[in-house]
Every structure is written in structure tokens, then in C-alpha cells.
Amino acid sequence: MSPQTASICSQLRHGGVIPGITTQILRVPYLGVGVMLAIEDIDFGIALLQVLVNRILDDIMRLEPSDDWEEIMVTKLFKGGPERGPAVSTPRPAPTRDAVVGRYHDPAYGTMDIAQVPPSTKSLRSSKSIVSDELASVIRSALNSSRFEYIDTTREMYYAPLPRLWSQGLIFTHFDGPLFNVSAIMIQDRVDNGSPISRILGTGSAVFVEGKGMGIFEGFWQGNEVIRAVEEDVASHAEVWFDLVN
């Protein structure tokens with residue numbers, strides 16, 4: 001690649017998503033060019049916008065148009081994370097409720113309070129550590145309609161609002177022993193009638209260490225490296241580690 005081509009390739013990108021619209025901004029400083037795209041789709045919009053942006057960049061750089069962008073971006077959307085193994089037929093028991101429920105803190109992402117999602121539409125009892133029936137219904141609906149991998153919503157489940165994240169909160173569903181599936185959920189109210197709209201935006205894995213905290217793995221934070229979940233020395237290996245503070 002020539003120095004001139006390398007300079008042209010220097011670019012700035014940023015995307016965003018809210019219910020009903022996905023956006024992508026591209027700037028190429030060398031050419032003084034900027035492009036902003038928006039699409040009314042949040043299921044496949046991210047991949048489609050990346051295809052369009054890359055095709056525009058090819059055109060700006062006067063490169064031969066590529067027919068591979070669709071395949072590349074769709075493959076990345078659905079197969080970008082680690083391959084999942086089969087479901088565990090006889091999973092180890094889940095940690096006790098008291099070992100999961102509590103307040104957790106990370107310096108970058110702040111504090112979150114993990115509460116239990118009741119196992120049915122009937123709450124266990126009135127408590128700050130129990131998610132309301134209405135929210136529990138929204139959470140299960142989002143998981144059951146997700147385009148991501150199947151998650152058994154009959155297993156032990158917990159939820160935590162997390163305002164600093166790119167979604168409203170995190171759902172933790174038991175998988176095997178201290179291992180949980182973790183899903184980011186977006187919840188918004190419809191403009192016309194106020195009813196909630198929910199959608200799963202991403203998944204990963206979480207490992208709870210009783211009395212110490214919880215680590216999140218499997219590319220959930222969209223870093224450059226996908227880190228497999230481990231059960232030993234979790235705090236040192238996790239992509240993000242939350243200390244249990246009470």
C-alpha cells in the first residue's frame with residue numbers, strides 16, 4: 001500500500017442505535033469528506049450500514065467495487081463471536097440467590113444492583129431484590145424473540161440496570177455452575193401507547209465468584225480480543241470485572 005493510499009485509508013467512524021433507527025458516520029480527513037447514513041432497522045441495520053459505508057469508501061478511493069462486503073459483514077454479525085458448545089445436559093447447580101444478588105462496581109461502568117427475576121409471573125415476594133412481574137415479562141419476551149442463541153428462560157435469572165452501558169441493563173441466565181449467559185437488553189416505551197419495546201443487543205458470558213464479584217467474557221464488550229470464560233482467577237482474566245461491594 002502506497003503512503004498516499006495509507007493516508008486516504010485513515011478514517012474516523014462511529015455508529016449509534018436507538019429503537020427504530022441505526023446510524024453510521026464516516027470521515028476521511030485526507031479528502032475532507034464526511035458521510036452520515038441512517039436506516040430504519042436495528043436488527044440488520046448495523047451490518048447493512050457497514051456494507052454501504054465500505055462501498056462508499058471504495059468509491060471515494062477509486063477502488064474496484066467489492067462484491068464481498070455483504071458476505072463479510074453478515075458473517076461478522078452472526079458469527080463474529082466465539083463458537084458456542086452444546087447445552088450442558090446435566091449442569092452444575094447454580095450459585096445461591098444470596099451469592100448473586102447484590103451491588104457490584106466497576107470504575108469505568110459504575111455501580112449496578114443485581115436483582116432476581118422471579119421464576120414465573122407471580123413474584124416471590126415484595127422486595128427490592130426481586131424484579132417486578134412487568135419487567136420480568138419484558139425480559140423473557142426479549143430473550144424468547146432474540147436473533148441471538150437460544151437461552152433457556154426457565155433457568156435461574158437475574159437482572160441489573162446499568163445506565164453507563166449502551167443498553168438499559170444486563171440479564172444473567174444460569175448456564176452451568178458459576179457460569180451465566182449475559183445479555184444486554186434495550187427497553188423503550190412506544191410513543192403511541194406507552195407499552196414497552198424490548199430487544200436483545202448482544203450476548204456474552206459471566207462468571208460469579210462468591211463473595212468477591214463477577215467477570216464478563218466472550219467478546220461482550222466488543223474489544224479487539226475475545227476472551228474465553230474461565231473459573232479460576234476470574235478477576236485477572238475477565239474483559240470487565242465488577243467487585244461485589246455489598
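This is a predicted model: local features need pLDDT of at least 70, side-chain atom pairs count only at pLDDT 80 or more; totals for chains, interfaces and linings use all residues.
The protein comprises 246 residues, of which 38% count as buried, and its secondary structure consists of six helices and eleven strands. Its accessible surface comes to about 14200 Å², with 52% of that area belonging to carbon and sulfur atoms. Among contacts between residues at least 6 apart in sequence, 46% join residues that are at least 24 apart.

Strand β8, which spans residues 179–189, has nine of its eleven residues buried and is therefore largely enclosed by the rest of the structure. On one side of the pairing scheme, β8 is joined in the antiparallel sense to strand β7 (residues 169–176) over seven bridges, and within this arrangement Asp176 stands opposite Leu179 of β8. The hairpin of β7 and β8 has two residues between the strands, and Gly177 takes a positive phi near 60 degrees there. Strand β8 also pairs with strand β9 (residues 196–209), again in the antiparallel sense, over eleven bridges, with Val182 standing opposite Gly204 in β9. The hairpin formed by β8 and β9 has six residues between the strands, and Gly194 in its turn has a positive phi of about 80 degrees.

The aromatic side chains were examined next. A pair of aromatic rings is described by the distance of the centres and the angle of the planes. Four aromatic pairs are counted in the model. One of them, between Phe172 and Phe208, is edge-to-face, with 5.5 Å from centre to centre and 75 degrees between the planes. Because Phe172 lies in strand β7 and Phe208 in strand β9, this pair ties together parts that are 36 residues apart in sequence. Phe172 is buried, with a relative accessible area of 0%, and Phe208 is likewise buried, with a relative accessible area of 6%.

Phe208 also forms an edge-to-face pair with Phe180, for which the centre-to-centre distance is 5.0 Å and the angle between the planes is 70 degrees. This second pair links distant parts of the chain, given that Phe180 in strand β8 and Phe208 in strand β9 are 28 residues apart. Since the limit for a buried residue is a relative accessible area under 20%, Phe180, at 1% relative accessibility, counts as buried. Taken together, ring pairs link Phe172, Phe180 and Phe208 with Tyr104 and Tyr158 into a cluster.

Notes: Residues are numbered from 1 along each chain as its sequence is written. Side-chain values use heavy atoms; hydrogens and water are left out. Buried means under 20% relative accessible area, exposed over 50%, partly exposed in between (1.4 Å probe, protein chains only). Helices (H or I, at least four residues) and strands (E, at least two) are DSSP runs, numbered from the N terminus. Two strands pair if DSSP finds at least two bridges between them. Contact means heavy atoms within 4.5 Å. Accessible areas come from the Shrake-Rupley method with a 1.4 Å probe; for residues, only the protein chains shown count as cover. Rings of Phe, Tyr and Trp (its six-membered ring) pair if their centres lie within 6.5 Å; planes under 30 degrees apart count as stacked, over 60 as edge-to-face and the rest as tilted.
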